[in-house]
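Here is a friendly walk through one protein model, from its overall build to a few local details. Please have the sequence and the 3D view open as you read.

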Amino acid sequence: MLKLGPITKRLACRAAAGILAAGLALPAMAEYPNDRPVQFISPYAAGGANDFLTRLMARYMGEQLKANVVVDNKSGANGMIGAAAVVKSNPDGYTILMGNSATHGTNPTLYKKQPYDAGKDFTPVAMVASVPIVMVVNAGLGINSVDELLQYGKTHRLSFGSSGIGGTGHLTGEAFKGATGLDMVHVPYKGDSPAVTDAMGGQVDLAFVGTASATTQQASGRIKILAVAHPTRTRALPDVPTMAEAGYPGLEFSQWYALFAPAGTPDAVVQKLNAANKVALANPEVQKSLDAQSAEGTYRTPAELDQFYQSEIKRFGDWIKKLNLSAE
């Protein structure tokens, strides 16, 4: 029989204890999510695109996770109140944020003071969807193309609406203004819907808003969609040219949405959430719901999402600095 010395015995005991601990830890990790509900936080009020996508993912990801996923709307401060609540929560996978191109794109540069660091205080989980920005004009102007808008703008001072200062719609409008030299004044609104409504009514000449807000009103005949700020034409608007096709390459802006967990969330939990997201996005019913909102489901791994949103912070930041925009 092989005899072990005292030191070897101690090492063997430690190794056995380590193996036992690892064996005990594996089932605990595999239990996620257990009988606790998983909370998806939408940092905006109910009824908007962020809320819609949060509830959509909560339902279909919940089916994959075999968990009760509940939605909590914590709105205010352009998404920062809800985002801050997630940062302060335990990094255990039970509190997840539906962030977007504001919370993790424009806000880091737009606001001088924030209750968190968007680039460091979150663990990227999964991309959900993107909604390209489109240019809409009041149909009463009789303008049918970007070229006709430019001709009209040579003799008229134009006004354009957006969802608010520093949002993707505002940045698109300012970028278009800079590229064309048009004299346009910005009129900020509290969301895309009121901006489209005023474009329909003629209170503003045009608006830069998310595709969904424009397509729902297009049938009224009171607005026309002239261009989409996207690399390619979209499924929702196959006959509408891109900004590049209209002569302005580089003007690419979308409202995008993605799930984030607090920094320090275990990788195994993140991967399980990401896998549920991937299956949910492939579900025909989810695709149908996204199409109804003119949103494009976009799957990314956590690493791909991390690279994407960090680059968006820089890209949006460059535009905000160039346009000298800020918000309190």
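This is a predicted model: local features need pLDDT of at least 70, side-chain atom pairs count only at pLDDT 80 or more; totals for chains, interfaces and linings use all residues.

Residues are numbered from 1 along each chain as its sequence is written, and side-chain values use heavy atoms, with hydrogens and water left out.

**The whole chain**

The protein chain has eleven helices and ten strands; helices (H or I, at least four residues) and strands (E, at least two) are DSSP runs, numbered from the N terminus. Its C-alpha trace spans about 100 × 40 × 35 Å along the principal axes. Of the 328 residues, 49% count as buried, where buried means under 20% relative accessible area, exposed over 50% and partly exposed in between, with a 1.4 Å probe and protein chains only. Taking contacts (heavy atoms within 4.5 Å) between residues at least 6 apart in sequence, 78% join residues at least 24 apart.

**Helices H4 and H11**

The axes of helix H4 (residues 102–110) and helix H11 (residues 302–323) come within 8 Å and cross at roughly 40°. Here axes are lines fitted to C-alpha atoms, for helices over the stretch in contact, and angles run from 0 to 180 degrees between N-to-C directions. H4 and H11 are therefore oblique to each other, since angles under 35 degrees count as roughly parallel, over 145 as roughly antiparallel, 65 to 115 as roughly perpendicular and the rest as oblique. On the H4 side, the contact is made by His104, Gly105, Thr106, Pro108, Thr109 and Leu110, and on the H11 side by Tyr309, Glu312, Ile313, Phe316, Gly317, Ile320 and Lys321.

H11 also holds Glu304, which counts as partly exposed because its relative accessibility is 41%. The C-alpha atoms of Glu304 and Met127 are separated by 8.9 Å, although these residues are 177 apart along the chain. For Glu304 and Thr215, 89 residues apart along the chain, the C-alpha separation is 30 Å.

**Helix H6**

Helix H6 (residues 168–180) has 13 residues and reaches 18 Å from its first C-alpha to its last, close to the 18 Å expected at 1.5 Å a residue; the expected span is 1.5 Å times one less than the number of residues. Among its buried residues are His170, Leu171, Glu174 and Phe176. Just after H6, Gly181 takes a positive phi of about 80°.

**Backbone geometry in the loops**

Most residues other than glycine have a negative phi, and most peptide bonds are trans.

Thr215 itself is found in helix H8 (residues 211–218).

One more backbone detail deserves a look: the peptide bond from Tyr32 to Pro33 is cis, with omega near -10°. Pro33 lies in the loop between helix H1 (6–30) and strand S1 (38–42).
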